[in-house]
Amino acid sequence: MCSSVVPAAPAVPAFGDLENLCACHECDLLQRKVPLAPGQSARCCRCGAQLYHAPKDTLNRTLAFSLAAFILFSVANLFPILGLSIQGKHTEATLLGAVLELQKQGMGMMAGLVLFTTIVVPAMELLGLLYVLLPLKLNKKPPGQAAVFRLIQVLRPWGMIEVLMLGILVSLVKLAHMATVQPGWSLWLFGGFIFVMAATAASLDSEEIWARLGRRCPVATQQNSGAGYLTCHACGMLSYAPAGKHEQHCPRCGSVLHVRKPNSVGRCWSLLIAAMILYVPANVLPVMSTSSIVGAQVDTIMSGVIYLWVSGSWPLALLVFFASVMVPLLKLMALTLLLVTVQTGSRWRPLDRTRLYRLTEKVGRWSMVDIFVVTMLVALVDVRPLAAVQAGPGAIAFGAVVVLTMVAAMSFDPRLIWDSVQENVHSR
Ligand SMILES: [Zn+2]
Ligand SMILES: [Zn+2]
């Protein structure tokens, strides 16, 4: 892993040398940048986090992929995702239709969450990319490009179309037992969209786009050898931290800069405790209730898993069990462990703890799968008086757990793990 990046020796960069240095966003180790061949990526030589990468022909490729993704996404929202027939009665649901159905049932918060993660965020991300890339291609400079490009990085973790697809797959299996299900046009379009979005992300070189926006690392206005440097959370740029100045903004993207995320431990604890409390109703209260001519049935998350298992779809049962029950629980435990070890200044296995943090941040979003399953079932199974599905209060609590643990993981600063290691090295 060390082969692509040479670790930098000086802890305080020499004046004017910032452009050639970068600090790892996970462990804060200062490293000297190495030029990369197209397609290569550079990783931190201490914790293995990706520092930067160099895709080929970034502007043209990213622009082409985001245009294709935008077309796929727009068309996918016009057509139904799934259709359902029960005894001659037919219903179908578009993504927006499913959100409106939740809203109609009085589940405004859940409707908002689904709308935000599956429609608003992907649309804003794509429109933002086009707003930044298209003028760059045409050598134009509309206002606010830097702010838009920064917003894209902030929004990205909240776009969840791939989790929605898994939710649709689970609903398909659940519904196949009670009715005839037809996959709609937009199911295939969303499938294609996921691949094109992955290609967009892989071809985007943020460093080059920042440079093309005319925001290459600026020459520091002031040499301040004693004060060290600050890394921008949003764009990753390194700048000098002038001593005695409380608030400083990133010269490239305008974000407020901090040595460490402010009040990271306290904020993370409060979000975590709120999530722990809500984890109980999320698992005890019903996430949905089904009423049909045969009778009514309420489902918790666990009974949904058991239903999948008993009906023979055990791979999906395991998947939903892992995503909905294990992931939130492991996430709560992992964040507790990270917070306690950081607060006690532990030097225990910093590399493994950083990896644990990285994993926690990556898998958390997949817990949303049950929220999307309920959304699809509510929208489709509305063939009264034969059958109807209603979302239950457990779904709101569950959605809140997912959001709270995601925000908790985002507010935790992994560099705190390495601070105590560093202090110990210095005090020896
Ligand atoms: Zn690192
Ligand atoms: Zn910045």
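A salt bridge is a side-chain nitrogen of Lys or Arg within 4 Å of a carboxyl oxygen of Asp or Glu. Arg 365 forms one with Glu 162, their closest N and O atoms being 2.5 Å apart. This is a predicted model, in which local features need pLDDT of at least 70 and side-chain atom pairs count only at pLDDT 80 or more, while totals for chains, interfaces and linings use all residues. Residues are numbered from 1 along each chain as its sequence is written, chains are lettered from A and ligands numbered from 1 in the order in which they are written, and side-chain values use heavy atoms, with hydrogens and water left out.

- Cys 44 is buried at 1% relative accessibility, and Cys 47 is buried at 2%. Buried means under 20% relative accessible area, exposed over 50%, and partly exposed in between (1.4 Å probe, protein chains only).

**Salt bridges between separate parts of the chain**

- The structure holds 13 salt bridges.
- One of them joins the side chains of Arg 156 and Glu 125 (3.1 Å, N to O). Arg 156 is in the loop between helix H4 (145-155) and helix H5 (161-176) and Glu 125 is in helix H3 (residues 108-137), so the pair ties together parts 31 residues apart in sequence. Helices (H or I, at least four residues) and strands (E, at least two) are DSSP runs, numbered from the N terminus.
- Arg 156 is partly exposed at 27%, whereas Glu 125 is buried at 8%.
- In the pair of Arg 365 and Glu 162, Arg 365 lies in the loop between helix H11 (350-363) and helix H12 (369-380) and Glu 162 in helix H5, so parts 203 residues apart in sequence are tied together.
- Arg 365 is buried at 13%, whereas Glu 162 is partly exposed at 26%.

**A salt-bridge network**

- Arg 260 and Asp 419 meet through their side chains in a salt bridge (2.8 Å, N to O). Salt bridges with shared partners join Asp 28, Arg 260, Asp 413, Arg 415 and Asp 419 into one network.
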